[in-house]
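Thanks for coming, everyone. Let's take a quick tour of one protein model.

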Amino acid sequence: MNLTKLLFTAFITGMFFTACTVVYDDIDHELEAEIYLESTLSEYDLWYVDYHRTTGAGDVPFLSRAFTISFRNGILYANNNIVDIGRTGNGLGISVGSYNTYQGILGTNHDLDGFHDFEVTQLSVNEIRIYNYRENVSYYLIGYHKNNFDYDKLFYENIEYFLQEFRAWEKIATTGGTPNAFDAENYLQFTPENTSTFYSSKDTIGIEVGGIDWSYVGGYEVFDVRGYEDLKILTLNYDAGDVEEFELSVLDDETISLYHINSKTTYEFFGRGFIQYLKGGKALETTVPAVRNSNRKRVKIARKLKSKRN
């Protein structure tokens, strides 16, 4: 073989191995990205969807319904209810689809909403931002293990949605205070169609939820309380002109306490007729057929701030 052929062969061989090395480097990089993203997502049992920080004009429906999402061995889970969170699906919620981390991109296939891809940015050890190009929207997720999940944060940051998850709140106890008009109110209802309408009733305690006569209606508003993370102020503005103001506390995922500020009376209300929101946000009454069926989605709520009066 002459010198020209030797040089040409060496040149071609060098090009071949160089090209192969570049290809394998790219594959290795993509594989590392997949492994890293998968380990990040599965590191935490629950990812709290901090919806009030959402940015962008678009909407990915299953994320707008979910309070938490979880990634487990290719299966996507979501908690679309606050009530029973920590128990439903062993804490993960219900299975809503599948996911993959191909080439470092989070791809989801929701049973109803279909395919959505997300670019994932890690913001801190347990916080990520997921960005959907098609909808131009970013969601912020905070990772928790089940044994240290911040249930107080979930309940109080989303208190309007918690109030909606029962067809009726029934008064079960009245303590202290002076007589006032609200003593006669035995039931409250907060609609899932919006976060501003309530109904009330003076019907007898213990009747069937479907038989309650919702005689009174008005608008309500929830306020943050300066210096308190586990307390809200609830105002009921009746259409007839009356205004009632309460300090609102969550006792458990079925019971709330309303402290009537003017009369210093404490009322406890128990939730009846739990409404379960499934994959598509549709409401399923767990005991009797639901009278309201809503594709509930969260909206960003900017609450006003009040100071604790007593």
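Start inside: the largest cavity holds about 100 Å³ of space. A cavity here is a set of points, on a 1 Å grid over the protein atoms alone, where a 1.4 Å probe fits but cannot get out. Its volume is the space filled by probe spheres set on those points, joined across faces, edges and corners. The structure has four cavities of 30 Å³ or more.

This is a predicted model, so local features need pLDDT of at least 70 and side-chain atom pairs 80 or more, while totals for chains, interfaces and linings use all residues. Residues count from 1 along each chain as its sequence is written, and side-chain values use heavy atoms, without hydrogens or water.

What lines the largest cavity? Lining residues have an atom within 4 Å of a point. Among them are Ala 78, Asp 84, Phe 274 and Tyr 277. Strand S17 gives the largest share, three residues. Strands are DSSP runs of E, at least two residues, numbered from the N terminus.

Next, His 260. It sits in strand S16. His 260 is buried, at 3% relative accessible area; buried means under 20%, with a 1.4 Å probe and protein chains only. Beyond four places in sequence, its contacts (heavy atoms within 4.5 Å) include Asn 180, Glu 244 and Tyr 267.

Last, confidence. pLDDT is the predictor's confidence in each residue, from 0 to 100. The protein's mean is 86. Strand S16 is highest, at 98, and strand S18 lowest, at 49. Residues 1-25 stay under 50, with two contacts beyond four places in sequence.

Note on methods. Helix = DSSP H or I, 4+ residues; strand = E, 2+ residues; numbered from the N terminus. Buried < 20%, exposed > 50% of the residue type's maximum accessible area, 1.4 Å probe, protein only. 1 Å grid on protein atoms, 1.4 Å probe; cavity = no way out; pocket = protein on both sides within 12 Å on 5 of 7 lines; lining within 4 Å.
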